[in-house]
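Colleague: I would like to go through a structure with you, one kind of feature at a time. Please give the general idea before the case.

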Amino acid sequence: RGPQGTLYGRNAMGGIVRIYTDNPLTKQGTTISTGGSSRDGGNRFSALTNLKFSNKLGLSLGGFYETDKGIYRNDSLNKKVGGTNQLGGRIRLVYRPDEKWNFDLTSSYEYTDQSTYPYFYAGTTKGNETLPNILNRITANRESKYFRNLFNTGFRAEYQAPLFTVSSITGYQYLKDRIMMDQDFNYKDYYTLEQRQNSHALTEEIVLKSLPQRRWEWSGGLFGLWQNLRTSAPVTFYSDGMGMLNGMMSTVLPSITATNPYTGQPLSITQQLAFTDASLPINTYFRTPVLNGAVFFQGTLHDFILSHLSLTMGARCDYEHQEMTYIGNTNKVNYLYSMQMIQPAALAIQSYLKGKTQNDYTRLLPKVALQYDLQDDKGNIYASVAEGQRAGGYNIQMFSDVMSTVMEGNMMTTTKNYCDNLLQTQADQARTETLKQMFLGIKTTMDNSIPASKTPDIRSILTYKPEYCWNYEVGTHLNFLERTLTADVSAFFTDTHNQQITRFTNSGMGRMMVNAGRSYSCGIETSVRGNFLNDRLFVTLNYGYTHATFHRYDAGNGTDYSGNKVPFIPEHTMALLADYKLPLCNSYLHAITFGANTNGFGRMYWTENNNAYQNFYATLGAHLLLDFGSCELNLWGKNLTQTHYKTFYFESMSRGFYQKGNPLQIGFDFTFRI
């Protein structure tokens with residue numbers, strides 16, 4: 001837990017999870033698993049085999065397939081949404097020619113096809129309710145989907161020298177995915193997004209590490225990352241969206257005041273713009289390469305000043321270079337310009353925006369920790385200070401807003417040029433000097449009231465800066481009853497700068513990441529685990545409390561969120577699990593395990609202004625495991641209390657939407673080992 005940037009770099013602010021897989025040199029056999037679940041019609045199947053060809057060479061092969069239809073129904077499409085079809089495979093080859101060398105190659109592929117964004121309508125956030133007939137229903141009229149092809153491979157070469165170990169870890173990832181999203185999330189036909197990504201990423205890390213069980217233990221090395229990401233993200237407006245745009249365009253051009261040449265009285269002349277196409281595609285393309293490099297070192301000195309006291313110090317110097325090449329364009333856009341006294345004119349524009357921007361970031365990520373080991377293996381007491389960092393980037397999903405601004409400017413310029421020519425012609429053909437001066441006066445007023453089109457400052461609009469934090473923590477790990485009972489207790493304070501917050505743009509036409517100034521978080525985390533009755537009873541209890549508030553967050557336009565709770569951070573989290581294993585003297589059934597668990601979560605705020613939140617809730621689960629030796633059957637139930645809760649909430653276009661947690665489900669898992 002806590003920032004682990006010293007050894008693991010960017011995006012390890014909240015801690016790391018290490019996943020270990022079976023080594024085919026030390027464990028052999030074949031495992032086949034299958035399972036199913038109610039409500040969503042879920043089915044799962046996986047198989048894994050570990051083969052040892054010799055004491056030096058081993059091979060692991062595995063594959064899986066899982067599918068479900070989703071739980072909740074879209075009323076507009078008359079079908080369930082939120083389902084998944086997923087399959088993949090993994091191969092691992094381990095070669096250990098002698099005691100000094102070790103080679104490990106792992107490759108995996110995964111294909112995903114999901115029905116996405118099962119969002120319920122929560123209601124209008126401003127003014128009177130405009131869509132009461134779809135409250136608490138899913139009504140998106142266009143299907144949202146997500147497809148992904150993901151390939152990962154890593155090669156590790158390790159050499160053990162007399163005084164240290166040196167290893168090289170090379171990784172490569174290929175990602176190709178596509179998102180199709182109905183971005184208004186209701187039955188009206190506003191607009192959709194189709195985003196395609198194609199990414200190649202290559203990493204290399206060279207690590208030198210001291211041998212264990214030394215008074216001075218250390219680890220250090222070099223890290224490099226290169227990623228080339230290409231993204232296309234066209235947004236298309238449809239009938240209701242065109243109506244919305246026309247409503248916005250109707251107020252863009254100001255009314256003009258002129259003098260009536262016949263009466264001498266002031267004359268107010270209105271003018272208006274309106275799209276005439278049935279749809280409007282806005283095409284965008286991005287190339288966002290990233291180059292990251294770091295040098296790092298961390299060392300621990302045992303018996304520092306006092307016996308059993310250890311001092312850990314480390315630092316990582318991290319450099320990152322980011323670029324964004326962008327291209328935005330629209331096809332020929334037709335619109336109608338109308339003004340009193342002038343015949344309506346059918347005009348057309350074609351907008352194009354191209355450019356490049358870049359950013360460079362350098363940061364030193366230090367860490368200092370003290371740990372005192374209690375005697376007789378009773379645990380330890382520790383205190384640590386560490387800095388973590390989350391990478392910055394570019395808000396490409398809000399580029400449609402930028403293109404809308406460019407398109408509006410082009411329409412204004414085209415309209416202005418058309419009116420200038422027309423009014424000048426009218427003035428030249430005027431029969432009286434008074435009438436001529438009226439047309440020239442209108443022309444001058446239009447020239448002064450319509451601003452010149454300007455290219456937006458892409459770098460300032462789309463860039464969000466890295467987030468970094470200082471984390472201060474004290475805690476203890478305790479062992480009781482010969483390690484049959486263990487406990488962890490920690491208290492922390494986190495000072496976060498440039499906190500990254502996701503929200504929708506003001507127009508509602510895309511998400512964006514913003515830097516929310518500074519926030520403070522403090523809290524405690526506890527964990528207790530116990531094995532009793534000769535390992536028949538296993539109990540674990542976890543509880544966490546977090547108080548997270550914005551210390552400084554001026555969102556602009558007179559909006560200040562300072563003092564509000566930080567969204568998406570739960571105040572309380574808890575989990576309780578208990579399993580009791582009953583051995584049986586039966587040649588077929590070896591043991592039965594009864595288990596129950598509960599999970600609690602909340603309150604969590606969804607927005608910066610804290611107007612929407614999920615109160616604390618808890619769910620209950622249970623399972624029954626039948627152990628037949630070479631196979632196991634696990635019968636389980638989730639959310640047995642039928643607790644109603646939200647897992648996500650957001651606001652767009654002054655409307656709220658949410659995603660429900662799953663209701664009661666029952667299912668089974670069957671595992672067979674050879």
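## Reading the aromatic pairs and the rest

Modeller: Across the whole structure, which is a predicted model, a search finds 31 aromatic pairs.

Colleague: How is the pair formed by Y117 and Y119 described?

Modeller: In general, a pair of aromatic rings is described by the distance of the centres and the angle of the planes. For Y117 and Y119 the centres are 5.7 Å apart and the planes make an angle of 50°, which gives a tilted pair. The label follows because planes under 30 degrees apart count as stacked, over 60 as edge-to-face and the rest as tilted.

Colleague: Are Y117 and Y119 buried or partly exposed?

Modeller: Y117 counts as partly exposed because its relative accessibility is 23%, whereas Y119 has a relative accessible area of 6% and is therefore buried. The cut-off for buried is under 20%.

Colleague: Which residues form one aromatic cluster with Y117 and Y119?

Modeller: The cluster also holds Y121, F185, F568, W606, F648, F650 and F657.

Colleague: Where should I look for the nonpolar cores?

Modeller: The general idea is that in soluble globular proteins, nonpolar side chains tend to be buried together. Here the largest nonpolar core has 59 residues, and the members that touch the most others are F237, F275, L280, F399 and M446. The element that gives the most to this core is helix α3, residues 399-428, with ten residues. There is also a second, separate core of eleven residues, and Y119, I134, F650 and F657 are among them. Y119, F650 and F657 also belong to the aromatic cluster.

Colleague: What do the totals for the protein say?

Modeller: The protein has five helices and 42 strands. Its C-alpha trace spans about 110 × 55 × 50 Å along the principal axes. Of the 674 residues, 42% are buried.

Colleague: How do I read sequence separation against contacts?

Modeller: Start with the total: among contacts with a separation of 6 or more, 67% are between residues 24 or more positions apart. Then take single residues. T84 lies in strand β6, residues 84-95, and counts as buried because its relative accessibility is 12%. Leaving aside neighbours within four places in sequence, T84 is in contact with E66, T67, D68, D113 and Q114.

Colleague: What does F532 touch, not counting residues up to four places away in sequence?

Modeller: F532 touches L485 and L537. F532 is in strand β30, residues 518-532, and is partly exposed, since its relative accessibility is 28%.

Colleague: How far are the C-alpha atoms of K638 and T432 separated?

Modeller: By 86 Å, for two residues 206 apart along the chain. K638 is found in strand β39, residues 631-638, and counts as partly exposed because its relative accessibility is 49%. Beyond its neighbours within four places in sequence, K638 is in contact with L620, G621, P663, L664 and Q665.

Colleague: What should I check in the backbone?

Modeller: Most residues other than glycine have a negative phi, and most peptide bonds are trans. H308 is not a glycine but has a positive phi of about 75°. H308 is in the loop between β18 (290-301) and β19 (309-330), and is partly exposed because its relative accessible area is 32%.

Colleague: Where is M653, and what is its phi?

Modeller: M653 is in the loop between β40 (646-652) and β41 (655-660). Its phi is positive, about 55°, although M653 is not a glycine.

Colleague: Which peptide bond is cis?

Modeller: The bond from G602 to R603 is cis, with omega near -5°. R603 lies in the loop between β35 (591-602) and β36 (604-605).

Technical notes. Residues numbered from 1 in each chain as written. Predicted model: local features only at pLDDT ≥ 70, side-chain atom pairs only at ≥ 80, totals over all residues. Heavy atoms only, no water. Helix = DSSP H or I, 4+ residues; strand = E, 2+ residues; numbered from the N terminus. Buried < 20%, exposed > 50% of the residue type's maximum accessible area, 1.4 Å probe, protein only. Contact = heavy atoms within 4.5 Å. Core = buried A, V, L, I, M, F, W, Y, C linked by side-chain atoms within 4.5 Å. Phe/Tyr/Trp six-rings, centres within 6.5 Å; stacked < 30°, edge-to-face > 60°.
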